[in-house]
Amino acid sequence: MINVLYAGSPDVSRNVLMFLLENERKFDFKIVGVLSNPPTAKGRHKELIPTPVAEEALKQNIPVFTPEHLDGECREMISKINPDLLICFAYGHIFGTKFLEMFKYGGINIHPSLLPKYRGCTPVPACILNLDKQTAVTIQTLSLKMDEGDILAQEIIELTGNETTESLLCESAEKGAKLILPLFKEINETESIPKGQPQQGNASYTGIITKSDSKIDWNLSSKKIDASVRAYFSEPGAWTTENNLTLKIIETKLISSAQIDGNKYKDETAGKVVDFNKKIGIIVKTGDGIIGIVRLQRQGKKIMNSNEFMNGARDFIGTLLA
(Lines give C-alpha, C1' and ligand atoms only; values in the text may rest on other atoms or scores of the structure.)
Protein backbone atom coordinates (compact mmCIF):
# COMPACT_ATOMS: atom_id res chain seq x y z
CA MET A 1 0.00 0.00 0.00
CA ILE A 2 1.41 3.37 -1.06
CA ASN A 3 0.61 6.37 1.14
CA VAL A 4 0.10 9.42 -1.09
CA LEU A 5 0.22 13.13 -0.32
CA TYR A 6 -1.71 14.96 -3.04
CA ALA A 7 -0.77 18.58 -3.82
CA GLY A 8 -3.12 20.86 -5.78
CA SER A 9 -5.34 23.89 -5.44
CA PRO A 10 -7.79 24.87 -8.26
CA ASP A 11 -11.04 23.21 -9.26
CA VAL A 12 -9.45 21.27 -12.13
CA SER A 13 -7.01 19.76 -9.64
CA ARG A 14 -9.94 18.62 -7.52
CA ASN A 15 -11.05 16.48 -10.49
CA VAL A 16 -7.76 14.58 -10.32
CA LEU A 17 -8.08 14.11 -6.56
CA MET A 18 -11.59 12.71 -6.89
CA PHE A 19 -10.51 10.31 -9.65
CA LEU A 20 -7.62 9.04 -7.54
CA LEU A 21 -9.89 8.56 -4.54
CA GLU A 22 -12.23 6.44 -6.66
CA ASN A 23 -9.33 4.13 -7.63
CA GLU A 24 -7.49 3.71 -4.32
CA ARG A 25 -8.50 0.11 -3.61
CA LYS A 26 -8.12 -1.13 -7.16
CA PHE A 27 -4.52 0.15 -7.46
CA ASP A 28 -3.43 -0.34 -3.86
CA PHE A 29 -2.70 3.20 -2.71
CA LYS A 30 -4.26 5.64 -0.26
CA ILE A 31 -4.49 9.44 -0.19
CA VAL A 32 -3.36 10.12 3.39
CA GLY A 33 -3.18 13.90 3.11
CA VAL A 34 -3.69 16.91 0.88
CA LEU A 35 -1.38 19.91 0.42
CA SER A 36 -3.04 23.05 -0.90
CA ASN A 37 -2.77 26.82 -0.96
CA PRO A 38 -3.97 28.75 2.11
CA PRO A 39 -7.64 29.82 2.18
CA THR A 40 -8.45 33.22 0.72
CA ALA A 41 -10.59 35.96 2.24
CA LYS A 42 -13.66 36.66 0.10
CA GLY A 43 -16.89 38.60 0.33
CA ARG A 44 -17.98 41.51 2.44
CA HIS A 45 -17.14 39.75 5.68
CA LYS A 46 -13.76 38.46 4.43
CA GLU A 47 -14.72 34.87 5.11
CA LEU A 48 -11.82 32.46 4.63
CA ILE A 49 -12.61 30.15 1.72
CA PRO A 50 -10.54 26.97 1.19
CA THR A 51 -9.29 26.01 -2.26
CA PRO A 52 -11.47 23.53 -4.19
CA VAL A 53 -8.94 20.76 -3.51
CA ALA A 54 -8.86 21.49 0.24
CA GLU A 55 -12.65 21.70 0.30
CA GLU A 56 -12.98 18.25 -1.29
CA ALA A 57 -10.41 16.74 1.07
CA LEU A 58 -12.25 18.11 4.10
CA LYS A 59 -15.46 16.51 2.82
CA GLN A 60 -13.63 13.19 2.58
CA ASN A 61 -12.11 13.58 6.08
CA ILE A 62 -8.59 13.68 4.65
CA PRO A 63 -5.98 15.71 6.59
CA VAL A 64 -5.36 19.06 4.87
CA PHE A 65 -2.16 21.14 5.01
CA THR A 66 -2.26 24.76 3.82
CA PRO A 67 1.08 26.31 4.80
CA GLU A 68 2.31 29.68 3.57
CA HIS A 69 5.78 28.15 3.22
CA LEU A 70 7.08 24.59 2.92
CA ASP A 71 9.36 25.08 5.94
CA GLY A 72 10.51 22.87 8.79
CA GLU A 73 7.26 23.25 10.70
CA CYS A 74 5.28 22.20 7.62
CA ARG A 75 7.54 19.21 6.99
CA GLU A 76 7.20 18.09 10.60
CA MET A 77 3.39 18.12 10.39
CA ILE A 78 3.32 16.24 7.08
CA SER A 79 5.82 13.61 8.25
CA LYS A 80 3.31 12.49 10.90
CA ILE A 81 1.05 10.99 8.20
CA ASN A 82 3.97 8.94 6.79
CA PRO A 83 3.57 9.70 3.06
CA ASP A 84 5.52 7.52 0.60
CA LEU A 85 4.75 9.42 -2.60
CA LEU A 86 3.92 13.00 -3.58
CA ILE A 87 1.54 13.54 -6.50
CA CYS A 88 1.11 17.10 -7.76
CA PHE A 89 -1.18 18.84 -10.22
CA ALA A 90 -1.51 22.64 -10.24
CA TYR A 91 -0.24 23.31 -6.74
CA GLY A 92 1.82 26.32 -7.77
CA HIS A 93 5.01 25.96 -5.70
CA ILE A 94 8.47 24.51 -6.32
CA PHE A 95 9.44 21.79 -3.87
CA GLY A 96 12.85 21.99 -2.17
CA THR A 97 15.34 19.22 -1.47
CA LYS A 98 14.35 18.72 2.17
CA PHE A 99 10.68 18.51 1.26
CA LEU A 100 11.15 15.92 -1.51
CA GLU A 101 13.43 13.85 0.73
CA MET A 102 10.42 13.16 2.97
CA PHE A 103 8.97 10.76 0.39
CA LYS A 104 10.25 7.22 0.01
CA TYR A 105 9.40 7.18 -3.69
CA GLY A 106 9.86 10.89 -4.43
CA GLY A 107 7.26 12.85 -6.36
CA ILE A 108 5.21 12.74 -9.56
CA ASN A 109 3.85 15.77 -11.40
CA ILE A 110 1.06 16.03 -13.98
CA HIS A 111 2.04 18.75 -16.45
CA PRO A 112 -0.34 19.81 -19.26
CA SER A 113 2.15 20.34 -22.07
CA LEU A 114 4.35 18.54 -24.55
CA LEU A 115 7.48 18.82 -22.40
CA PRO A 116 10.05 20.26 -22.67
CA LYS A 117 7.85 22.75 -24.51
CA TYR A 118 6.03 25.18 -22.21
CA ARG A 119 7.54 24.53 -18.83
CA GLY A 120 6.17 26.78 -16.11
CA CYS A 121 2.81 27.84 -14.75
CA THR A 122 0.75 28.70 -17.87
CA PRO A 123 1.43 26.03 -20.52
CA VAL A 124 -2.19 25.68 -21.63
CA PRO A 125 -2.80 29.35 -22.52
CA ALA A 126 0.58 29.36 -24.28
CA CYS A 127 -0.28 26.53 -26.68
CA ILE A 128 -3.65 28.13 -27.49
CA LEU A 129 -2.13 31.58 -28.06
CA ASN A 130 0.49 30.09 -30.37
CA LEU A 131 -2.16 28.29 -32.44
CA ASP A 132 -0.46 24.93 -31.86
CA LYS A 133 -1.90 21.90 -33.63
CA GLN A 134 -1.20 19.58 -30.72
CA THR A 135 -0.19 19.53 -27.09
CA ALA A 136 0.11 16.77 -24.48
CA VAL A 137 -0.31 15.81 -20.87
CA THR A 138 2.95 14.62 -19.35
CA ILE A 139 3.62 12.59 -16.22
CA GLN A 140 7.08 13.45 -14.92
CA THR A 141 9.20 12.98 -11.84
CA LEU A 142 9.37 16.04 -9.60
CA SER A 143 12.77 17.72 -9.73
CA LEU A 144 14.34 20.68 -7.96
CA LYS A 145 14.12 22.77 -11.15
CA MET A 146 10.76 23.71 -12.62
CA ASP A 147 9.30 20.95 -14.82
CA GLU A 148 12.71 19.43 -15.65
CA GLY A 149 11.97 15.96 -14.29
CA ASP A 150 12.16 12.79 -16.40
CA ILE A 151 9.10 11.76 -18.41
CA LEU A 152 7.25 8.69 -17.11
CA ALA A 153 4.29 8.84 -19.50
CA GLN A 154 2.92 11.22 -22.11
CA GLU A 155 -0.26 11.39 -24.18
CA ILE A 156 -0.62 13.64 -27.21
CA ILE A 157 -3.76 15.80 -27.44
CA GLU A 158 -4.76 16.96 -30.92
CA LEU A 159 -6.12 20.51 -30.91
CA THR A 160 -9.17 21.56 -32.94
CA GLY A 161 -8.82 25.31 -32.52
CA ASN A 162 -11.96 25.50 -30.41
CA GLU A 163 -10.41 24.73 -27.01
CA THR A 164 -10.44 27.17 -24.12
CA THR A 165 -7.90 27.04 -21.31
CA GLU A 166 -10.65 25.77 -19.04
CA SER A 167 -11.74 22.93 -21.35
CA LEU A 168 -8.17 21.89 -22.20
CA LEU A 169 -7.14 21.85 -18.54
CA CYS A 170 -10.10 19.61 -17.75
CA GLU A 171 -9.14 17.23 -20.57
CA SER A 172 -5.52 17.20 -19.41
CA ALA A 173 -6.58 16.48 -15.84
CA GLU A 174 -8.73 13.54 -16.92
CA LYS A 175 -6.06 12.03 -19.16
CA GLY A 176 -3.26 12.72 -16.68
CA ALA A 177 -5.05 11.04 -13.79
CA LYS A 178 -5.55 7.92 -15.91
CA LEU A 179 -1.89 7.88 -16.95
CA ILE A 180 -0.80 7.78 -13.31
CA LEU A 181 -2.74 4.66 -12.34
CA PRO A 182 -0.46 2.05 -14.00
CA LEU A 183 2.51 3.55 -12.15
CA PHE A 184 1.09 2.45 -8.80
CA LYS A 185 1.35 -1.20 -9.86
CA GLU A 186 5.00 -0.75 -10.84
CA ILE A 187 5.85 1.10 -7.65
CA ASN A 188 4.18 -1.57 -5.50
CA GLU A 189 6.07 -4.33 -7.34
CA THR A 190 9.52 -2.73 -7.49
CA GLU A 191 9.30 -0.37 -4.49
CA SER A 192 10.55 2.49 -6.66
CA ILE A 193 9.29 4.93 -9.27
CA PRO A 194 9.92 3.57 -12.79
CA LYS A 195 12.92 5.03 -14.59
CA GLY A 196 11.78 7.86 -16.81
CA GLN A 197 13.13 9.28 -20.05
CA PRO A 198 15.12 12.54 -19.86
CA GLN A 199 13.42 15.39 -21.71
CA GLN A 200 14.74 15.98 -25.21
CA GLY A 201 14.56 19.07 -27.41
CA ASN A 202 14.58 22.80 -26.84
CA ALA A 203 12.84 23.93 -23.68
CA SER A 204 10.55 26.93 -23.50
CA TYR A 205 9.05 28.60 -20.46
CA THR A 206 5.76 30.27 -19.56
CA GLY A 207 5.12 32.89 -16.90
CA ILE A 208 2.35 34.38 -14.84
CA ILE A 209 -0.48 36.00 -16.83
CA THR A 210 -1.60 39.46 -15.75
CA LYS A 211 -4.74 41.38 -16.59
CA SER A 212 -2.79 43.63 -18.94
CA ASP A 213 -1.76 40.53 -20.93
CA SER A 214 -5.38 39.64 -21.60
CA LYS A 215 -6.36 43.01 -23.11
CA ILE A 216 -7.38 42.48 -26.74
CA ASP A 217 -5.27 44.08 -29.46
CA TRP A 218 -7.74 44.55 -32.29
CA ASN A 219 -4.87 45.15 -34.74
CA LEU A 220 -4.00 41.45 -34.53
CA SER A 221 -5.43 38.91 -36.96
CA SER A 222 -8.87 37.46 -36.32
CA LYS A 223 -7.33 34.05 -35.56
CA LYS A 224 -4.98 35.56 -32.98
CA ILE A 225 -7.80 37.50 -31.31
CA ASP A 226 -10.01 34.41 -31.19
CA ALA A 227 -7.09 32.45 -29.70
CA SER A 228 -6.55 35.09 -27.02
CA VAL A 229 -10.23 34.98 -26.00
CA ARG A 230 -10.01 31.18 -25.68
CA ALA A 231 -6.63 31.27 -23.94
CA TYR A 232 -7.75 33.72 -21.26
CA PHE A 233 -11.08 32.01 -20.57
CA SER A 234 -12.10 32.06 -17.82
CA GLU A 235 -9.29 33.77 -15.91
CA PRO A 236 -8.28 36.54 -16.16
CA GLY A 237 -10.70 36.93 -19.10
CA ALA A 238 -10.08 38.72 -22.41
CA TRP A 239 -11.21 42.33 -22.31
CA THR A 240 -11.35 45.62 -24.14
CA THR A 241 -12.78 49.05 -23.36
CA GLU A 242 -15.98 50.68 -24.51
CA ASN A 243 -16.08 54.41 -23.77
CA ASN A 244 -13.46 53.89 -21.03
CA LEU A 245 -15.47 51.10 -19.38
CA THR A 246 -14.29 47.49 -19.28
CA LEU A 247 -16.02 45.13 -21.68
CA LYS A 248 -15.19 41.44 -21.26
CA ILE A 249 -15.23 39.34 -24.41
CA ILE A 250 -16.31 35.85 -23.38
CA GLU A 251 -16.61 34.08 -26.73
CA THR A 252 -15.79 34.95 -30.32
CA LYS A 253 -16.38 33.33 -33.68
CA LEU A 254 -14.24 33.30 -36.81
CA ILE A 255 -16.20 34.43 -39.88
CA SER A 256 -15.75 32.77 -43.26
CA SER A 257 -16.07 34.62 -46.57
CA ALA A 258 -19.09 32.44 -47.31
CA GLN A 259 -20.88 33.95 -44.31
CA ILE A 260 -19.97 37.61 -44.78
CA ASP A 261 -17.80 39.48 -47.26
CA GLY A 262 -15.30 41.23 -45.02
CA ASN A 263 -13.90 43.33 -47.88
CA LYS A 264 -16.63 45.92 -47.45
CA TYR A 265 -15.15 46.75 -44.05
CA LYS A 266 -11.50 46.84 -45.17
CA ASP A 267 -11.17 50.62 -44.71
CA GLU A 268 -12.63 50.62 -41.19
CA THR A 269 -10.45 51.09 -38.10
CA ALA A 270 -9.44 47.96 -36.21
CA GLY A 271 -11.65 47.63 -33.15
CA LYS A 272 -14.67 49.30 -34.68
CA VAL A 273 -18.06 47.58 -34.28
CA VAL A 274 -19.15 47.50 -37.92
CA ASP A 275 -22.30 45.38 -37.97
CA PHE A 276 -24.53 42.87 -36.22
CA ASN A 277 -25.81 39.53 -37.48
CA LYS A 278 -28.22 37.44 -35.43
CA LYS A 279 -26.57 34.18 -36.53
CA ILE A 280 -22.95 35.32 -36.21
CA GLY A 281 -22.93 37.98 -33.52
CA ILE A 282 -21.53 41.46 -33.15
CA ILE A 283 -19.07 42.05 -35.98
CA VAL A 284 -15.82 43.88 -35.22
CA LYS A 285 -13.03 44.95 -37.58
CA THR A 286 -9.66 43.30 -36.89
CA GLY A 287 -6.17 43.69 -38.29
CA ASP A 288 -6.84 41.36 -41.19
CA GLY A 289 -10.61 41.19 -41.51
CA ILE A 290 -13.58 40.79 -39.16
CA ILE A 291 -14.56 38.68 -36.17
CA GLY A 292 -17.87 37.90 -34.47
CA ILE A 293 -18.45 38.45 -30.75
CA VAL A 294 -20.82 35.75 -29.50
CA ARG A 295 -20.88 36.46 -25.75
CA LEU A 296 -19.73 39.50 -23.79
CA GLN A 297 -20.10 41.26 -20.45
CA ARG A 298 -20.30 44.95 -19.69
CA GLN A 299 -18.69 46.23 -16.52
CA GLY A 300 -20.96 45.47 -13.56
CA LYS A 301 -23.43 43.51 -15.70
CA LYS A 302 -24.12 39.82 -16.36
CA ILE A 303 -22.76 37.83 -19.28
CA MET A 304 -25.02 38.13 -22.34
CA ASN A 305 -25.14 36.59 -25.78
CA SER A 306 -24.87 39.05 -28.64
CA ASN A 307 -28.61 39.10 -29.33
CA GLU A 308 -29.44 39.96 -25.70
CA PHE A 309 -26.71 42.58 -25.63
CA MET A 310 -27.84 44.33 -28.81
CA ASN A 311 -31.45 44.47 -27.63
CA GLY A 312 -30.29 46.90 -24.95
CA ALA A 313 -27.54 48.61 -26.95
CA ARG A 314 -28.95 49.55 -30.32
CA ASP A 315 -26.40 52.34 -30.73
CA PHE A 316 -23.44 49.96 -30.24
CA ILE A 317 -22.70 49.71 -33.97
CA GLY A 318 -20.05 52.33 -34.74
CA THR A 319 -18.43 52.09 -31.29
CA LEU A 320 -14.64 51.92 -31.31
CA LEU A 321 -13.32 49.28 -28.93
CA ALA A 322 -9.84 49.97 -27.62
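## Sheet

Strand 9 (residues 134–141) pairs with strand 10 in the antiparallel sense, over seven bridges. In this pair, A136 stands opposite I156 of strand 10. Strands are DSSP runs (E, at least two residues) and helices are too (H or I, at least four), numbered from the N terminus; two strands pair if DSSP finds at least two bridges between them.

The open sheet has seven strands in the order 5-2-1-6-7-9-10, with mixed pairing. Strand 5 (64–65) and strand 10 (151–158) stand at the edges with a single partner strand each, so one side of each has no neighbour in the sheet.

## Basis

This is a predicted model: local features need pLDDT of at least 70, side-chain atom pairs count only at pLDDT 80 or more, and totals for chains, interfaces and linings use all residues. Residues are numbered from 1 along each chain as its sequence is written, and side-chain values use heavy atoms, with hydrogens and water left out.

## Helix 1

Helix 1 (residues 11–22) has twelve residues, so at 1.5 Å a residue it should span 16 Å; its end C-alpha atoms are 17 Å apart, which agrees. The expected span is 1.5 Å times one less than the number of residues.

Its buried residues (under 20% relative accessible area, 1.4 Å probe, protein chains only) are V12, S13, R14, V16, L17, F19, L20 and L21.

Technical notes:
Buried < 20%, exposed > 50% of the residue type's maximum accessible area, 1.4 Å probe, protein only.
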